[in-house]
Amino acid sequence: MKPLYVHPDIAYAKTIDTDFYLNPAYFEASKENIFAPSWQYLGETGMLNDNTTVYPITLLPDYLHEPLLLTRDNAQQIHCLSNVCNHRGNLLIPTACKAKHLRCQYHGRLFQLDGRFISMPEFEGVQNFIPENNHLPELPLYRFGNLLFTQLKPGPSPDTYFKDMMERVYWLPIDQMVYRPDLSATYAVNAHWALYCENYLEGFHIPFVHPQLNAILNFKEYTTELFPYSNLQVGIAKAGDVCFNIPADAPDAGKSIAAYYFWIFPNMMFNFYPWGLSLNVVEPKTPSQCTVRFIAFVYDESKLGSGAGSGLNTVELEDEAVVQQVQKGIRSRFYQHGRYSVLHEKGTHHFHRLLANSFTSE
């Protein structure tokens, strides 16, 4: 793989080498360099209810394909465990259900709902078998409102990723968000996952690609703020359009904000609107394909269908058309790097720096 480098000064920087998108070795190496140490979305607490105490999840099913298990024990504590029996590798729980213990259906090994080993039939005579060494691996669990996230291997703390977002929108009724499958959707995009993300990270294209959204947002006041592993784009509403009712002690008091667009490295977008949240998760499939999940949570249904949070399907299809053309264009022998708009592409430059630094140390 070529060394990757993006100059820290956006005024001098070139975009990341196209080899990052085109070389399958980078796509494979990104599993451990980028995705495993980052925080990834698991689901929401409502998946565990009176009728469900165990809920299997495959994390990034077409890429990492890691079998995990959310459980709620008798003390109402939620755990994230490996869903693989440590005897012979069988999947412990194939479907969501209510259970008091976790029993492997292959050879009967038994675990508590917090992953602690209980027993194993017909294991007499096995030497040096230490029960305490046979608990299921438990992964760290981070909660934002009712949303749950985990990390497959040690990396930056969740505060490094989420703190800036939480402090900015602390006044929103996050705990009251209700998952709405009827407003959620999944899109298949014929483009590299990073191309989809970098399109999201700049508002530069809005006047050219999104006429409906451009009629709502005040592009001249569109801003981008950078944080260590996240960034924020603030969409200001034009006069008369729907915006947040921001309290006087909040950082953005007095502003007519139509949307907060938070991006969390490497593949999550938290789009806050006056009606709620559209969480977008970009899931890699191949170097030229990804899946994008739009997951809707509502806390003020009266504002649905208005403002910047309306017409999301239209905006998505417009974005898809652009990034799929870029996917074709980056294969050209005449293109290897571009340059950044200092005014409008700070977010994309920041993203490319994080990608490059995931493979190289400065």
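The following legends describe close-up views of a predicted model.

**View 1. Helices α4 and α8 pack against each other.** Helix α4 covers residues 193–200, and helix α8 covers residues 346–357. Two packed helices are described by the angle between their axes and the distance between the axes. For α4 and α8, the angle is about 145° and the axes are 8 Å apart. Their crossing is right-handed. On the α4 side, the residues in the contact are Trp193, Ala194, Cys197 and Glu198. On the α8 side, they are Thr348, Phe351, His352 and Leu355. Sorted by class, this contact consists of 5 nonpolar, 2 polar and 1 charged residues.

**View 2. The largest pocket has a lining of 22 residues.** Rolling a probe the size of a water molecule over the atoms shows where empty space is left. The volume of the largest pocket is about 420 Å³. Nearest the centre of this pocket lie Glu198, Asn199, Glu202, Val326 and Glu345. Three helices, α4, α7 (312–329) and α8, each contribute at least two residues to the lining. Glu198 of α4 also belongs to the contact with α8 shown in View 1. The lining of the largest pocket is made up of 11 nonpolar, 7 polar and 4 charged residues.

**View 3. The second largest pocket has a volume of about 320 Å³.** Its lining comprises 21 residues, and Tyr41, Leu42, Gly43, Arg293 and Ile295 are the closest to the centre. At least two lining residues come from each of the strands β1, β2, β12 (185–189), β17 (276–286) and β18 (289–298). Strand β1 gives the most, with 5 residues. The classes in the lining of the second largest pocket are 13 nonpolar, 5 polar and 3 charged.

**View 4. One cavity of 30 Å³ or more is found in the whole structure.** The largest cavity has a volume of about 320 Å³. Of the 23 residues that line the largest cavity, Tyr200, Leu213, Tyr261, Val315 and Asp319 lie nearest its centre. Helices α4 and α7 and strands β16 (268–273) and β17 each supply at least two residues of this lining. The largest share comes from α7, with 4 residues. By class, the lining of the largest cavity divides into 11 nonpolar, 9 polar and 3 charged residues.

**View 5. Thr45 is a buried residue in a loop.** The loop with Thr45 runs between β1 (40–44) and β2 (54–59). Thr45 counts as buried because its relative accessibility is 14%, under the 20% limit for buried residues. Leaving aside residues up to four places away in sequence, Thr45 touches Ile78, Arg143, Asn146 and Leu148.

**View 6. Pro211 is an exposed residue in helix α6.** Helix α6 covers residues 211–214. The relative accessibility of Pro211 is 54%, so Pro211 counts as exposed; the limit for this class is over 50%. Not counting residues up to four places away in sequence, Pro211 touches Ile206 and Glu318. Pro211 and Gly347 are 136 residues apart in sequence, and their C-alpha atoms are 22 Å apart in space.

**View 7. A cis peptide bond joins Phe265 and Pro266.** The omega angle of this bond is about 0°. Pro266 is located in the loop between β15 (257–264) and β16.

**View 8. Glu122 and Asn128 lie in the loop between β7 and β8.** Strand β7 covers residues 117–119, and strand β8 covers residues 138–139. Glu122 has a positive phi of about 55° although it is not a glycine. Asn128, also a residue other than glycine, has a positive phi near 60°. Glu122 is exposed, with a relative accessible area of 71%. Asn128 is exposed as well, with a relative accessible area of 76%.

Technical notes:
Residues are numbered from 1 along each chain as its sequence is written. This is a predicted model: local features need pLDDT of at least 70, side-chain atom pairs count only at pLDDT 80 or more; totals for chains, interfaces and linings use all residues. Side-chain values use heavy atoms; hydrogens and water are left out. Axes are lines fitted to C-alpha atoms, for helices over the stretch in contact, and angles run from 0 to 180 degrees between N-to-C directions. A crossing is left-handed if the near helix is turned anticlockwise from the far one by less than a right angle, and right-handed if clockwise. Contact means heavy atoms within 4.5 Å. Ala, Val, Leu, Ile, Met, Phe, Trp, Tyr, Cys and Pro count as nonpolar, Asp, Glu, Lys and Arg as charged, and the others, Gly among them, as polar. Buried means under 20% relative accessible area, exposed over 50%, partly exposed in between (1.4 Å probe, protein chains only). On a 1 Å grid over the protein atoms alone, a cavity is a set of points where a 1.4 Å probe fits but cannot get out, and a pocket is an open set with protein on both sides within 12 Å along at least five of seven lines; lining residues have an atom within 4 Å of a point. Grid points are joined across faces, edges and corners, and a volume is the space filled by probe spheres set on the points.
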